Every structure is written in C-alpha cells, then in structure tokens.
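The structure goes in first.

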Amino acid sequence: MRRKRLLALIGTAVTIVVVSVYGLLTAPDAGRASPGRTPGPTREITLTDEEPPGQAPTGPLVSPTPTPAPATPEAAAARYVEAWQAGNLTAMAALVADPPADFAGRHLDFDRDLRVSSLSLTLGETLREDAAAAEFAFHGVRRMEGFDDPWEFASVLHLARRDDTWKVLWTPETMHPSLRDGGSVQRTETTFRRPATLTREGEPFPRHSRADRYVSGLEGTVTVPALVERPSGRELLAAPVPPLDGRRSTISRPVQAAAARALDGVGGPAAIVALDVRSRQVLAVADTLDEGQAAFTGLYPPGSTFKIVTAAALLRAGLTPDTPLPCPAAYTVPNGKGFSNDGGADHGTVTLTAAFAFSCNTTFAQQTYERLGGGRLAAEAADRFGFRVKPGLSTCRIGRGETQDELTTDAIGQNSVLASPLCMAEVAAAAASGVWRPAVMTDRPDPDLPAAVPLDDGVATALRAMMAAVVTEGTAARAGLPPGTAGKTGTAEVGDGASHAWFIGYRDSVAFAVFVRHGGGGGAVAAPIAARFLRAL
C-alpha cells in the first residue's frame, strides 16, 4: 500500500512543465565545455541560497532550504525529476552520487546549444528495485526554438543506496540516450532558397541568374533547423521545409539558366533577352550591362540587325527575295555619304536574300535611297516594329531621316536608330510569327499596351527565308548555331569605343537578342554566344 500511494503521488506531482527557467538555461553566455562537444562561451556558476543583489530572479537554480534525504528510491526519483523540470541544478546535484564537477555546465550547455525552451518529464514504471539499487523509466518532452514539433525521448534513472539514502547514478545519457559513450546531439541549420519571385514552373531562379534587376526578391532564404546525433549522423528531429509560395513570373528556369551561362566568360558587358514567339512573354533576361534595366530600356544603335526592318520596308516597296541587286564594295549616295561593306567585300550582283545574308551595307543604302524616301522607313519601323514612344517594357527610337545621308545611315541601324536588346528580340519574334506585339512579363493582358500589328504574309515569309540564309550561308554561318536557327548579325559603330556586337533571331518557339557592348563583330562575337544559349536549351 505504501508503494502504491507513493507511485500515485509521483504520477500527479512530476508531470509539470516549467518554461520560464529555460530563458536562463539557454542564455548565450551560460555555456560550459562538455566532453564530445566544441566548447562554447563559459562562465563561472556560483550556487548560493540567494539571487545576486540588484538582479531580477532568474529561476529556481538553488534549493532555498535543506530538505530531508529521500528514504525510498521512488521518492528520490520523483524529487530528481521535479528538480530537473524546475531547472534547480543545486537540488539535482544534491540527489546525485558523486556528481561530476561540470554537472551543472553540461545541463546548461545542452539546453543552450539546442535552444531548449521547455522540458516536461514523466516518471514511468519501475524497471528494477531491491535493497541496494533501483531503476525507473522516464519519458521526456523538450521543446526548442525553431521547431513546431516536440522532441520526445525515453531514458532510465539509475539509483543506488549510499549512506542510508538513495542517490541517482548520473551519466550523460540520463539527459538523452544519444549522449551514451561520448556521443552528442548537434543542432544543424540548413538554408533553403525561398525567393519572393519564382519561375513560371514554380521553382527558384537558377543561381547567378543575372536577372536580379528585373525581378524582385530572388535572394530570399529560410533557415531550417534539425537535430543530428553524432557521430552516427542519425537525424533525431527536423523542422519541415516551408513550401515555395512566391509569385510566379514568366521566366522559364531552363531558358534563364541557358541565357545566364551563355554569358559566362564574356569579357564585356552583355545581355541576352529571350521571348516566347507566340505569347511574347519574357522567358529569360540575363544582363551584365550594369546600367539599371538596360536590357529593356537601354538605347544602343542596333547596326545591321535593323536590316530586318529595312528589308520589310523594301519588300513592301516592291522588291522580292529574288530581286537581283548590286552589292559593290563601296557606294556613295548622290552628293552625299559613302558606304562600304565589311572588309571591303564586293559581291557583285546578288539577290535581296543574299545581300541580306552577306549584310551588304552598299545594297541597303542604295535601295533605301532609291525606294524609301518620304518617311517610309521611319513609318515601317514605328508602325510595324514598335520604334516609337509607347507603353510597355521595351524602348526603341528612330528619327524621320530628313536628309538622304540620315535616311541611308538609318537603313543600316546607325544614326538615329536606337534600340534595347528587348526591342530587337521583339523584332525577331515579329519576323518569326508574322505579327509584332510588345513583350510582357505577365500572363494577363494589359489594356494599355499597343495592339498587335500583323505583317503582310509575304513579307513575313520572305524575312524568315532571308534570316535562315544568314545562318546557313551568310555572316553567321561559322558561329556554330544549331539547325533551325534564323537570325541577323549586327556590328554597330559607336564613337566612344569598339563597335557593339549583336545577333538576333529565333529557333522553334524562342526569339532572342544577344548584345555585347563594345564587343566587336556581331558574327564573330554575338552569334557564338547565341549558339551557346540555344544549344543549352
């Protein structure tokens, strides 16, 4: 009967949760080195019967008055568990046979390192009891900062009779079984990317995407803790990884990764913009220009990539892809400016398609002078390819070409013609689809954006054949572009350094523009970058 009453008393008395003392136990400066762990910050712990003068109470670290020694093992076990829950290290040590010198430090270090906020203990069944020794099972529940789930454990209190009283035979595994034989428990923290903006697939952007100036919150992370047993490496408890819940963009993760990696190793500032030919959604924007959102709004002369627009105007003026035209090494506008081909090349009489593929400056200057006066070139660019002030993401401009010299220089993408890489990607997408429409970074139509403008079917068909010839036999033939690519090279002369290198085009459902500021020749520099980009898709 006496034993049953004691166990009943234990069952009601020891299931107590004391949270407040763990603010003290896990304080950053409360550490003391323990075997099997890297020592943390230490402090001397003086166990007295009073709190230090001038300090607020910090918890029941000490027993204020002596208590009678427990006369039974059940009473000793119950008293030890109660003192442990209360964080009363002095009372705990008094109940331990030969406590180690760092007894208090081990408990403080354990709770501090794992960031324990509360401990609940329940004394269980008697595993063994005789006149000299006893063992009691007990169950513990720790709660720790950063974990929603509790950390439960089971251990055993070993007791022995010493000098007519019962004492706890303490070992490290009394605190947790993983501490047996020099083991330890380590709190680990793993950082996961949880950006505010995701790709269209609902995934984080590729690392080093070069798109951070165009989409927000790419550097967002979350740190998830876990408890790991050492040296086994067994995971004892892990907090769940929060799901990805950022807003989705139009950016395609594989396309963005291909664009970003295509710029690796490029010596000068550069950009790649890629669009979906059908929807005009921006699939990728990789930018090392370091000028704000220069891939969208920067204004650069596009050089011979603008010949797509000039060719469309010439086709509309009556030429066909097979019209024979002169492509001399040099041509001078009557009473005006002189033009020459790259490297002084003289191709004689060629078709419009060949003149486009070889990027004959002389052919395009002469035909523009003869056929596109009266603002026809500027109207083609503004009305059908977006070279005007307008709402939207891209920026491009063209003047009216008031003089013959201005007009013919505009025809080869110099003088007043200025465009961003995004604008030129829109030009490539228009040729691929037969419709010009502005690029977007949303799946919802914006009523304020300019309306789509269809190109004549014959013009679009001719442009596609001419752009394919650039890759198969023209200025991009040696760039290593994959089959099915169509495009146009551009080398834009500028007054403050080397020429800008361009290559714009499309393959399958992806239209793109590659721009290298002061990069040099479009066929030698920009087109190989485009080849790396396309082959990575």
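I began with a definition: two strands pair if DSSP finds at least two bridges between them. I also noted that this is a predicted model.

Strands. I looked up strand E3 (residues 133–144) and strand E4 (residues 151–162). They run antiparallel, and 10 bridges join them. The hairpin of E3 and E4 has 6 residues between the strands. There, Gly146 takes a positive phi near 90°.

Next I turned to strand E2 (residues 116–129). E2 pairs with E3 in the antiparallel sense, over 10 bridges. A hairpin of 3 residues joins E2 to E3. I found Arg128 opposite Glu135 in E3.

Helices. I checked helix H8 (residues 307–316) against helix H14 (residues 457–472). Their axes lie 10 Å apart, at an angle of about 135°. H8 is therefore oblique to H14, since angles count as roughly antiparallel only over 145 degrees. H8 passes H14 in a right-handed crossing. I listed the contact residues: Ile308, Ala311, Ala312, Leu315 and Arg316 come from H8. H14 brings Val459, Ala462, Leu463, Met466 and Met467.

Cores. Which residues touch the most other members of the largest nonpolar core? I found Phe387, Leu463, Leu481, Phe503 and Phe533, out of 111 residues. Helix H13 (residues 421–433) gives the most to this core, with 10 residues.

Conventions: Residues numbered from 1 in each chain as written. Predicted model: local features only at pLDDT ≥ 70, side-chain atom pairs only at ≥ 80, totals over all residues. Heavy atoms only, no water. Core = buried A, V, L, I, M, F, W, Y, C linked by side-chain atoms within 4.5 Å. Buried < 20%, exposed > 50% of the residue type's maximum accessible area, 1.4 Å probe, protein only. Helix = DSSP H or I, 4+ residues; strand = E, 2+ residues; numbered from the N terminus. Axes fitted to C-alpha atoms, helices over the stretch in contact; angles between N-to-C directions. Parallel < 35°, antiparallel > 145°, perpendicular 65-115°, else oblique. Left-handed = near helix turned anticlockwise from the far one by under 90°. Contact = heavy atoms within 4.5 Å.
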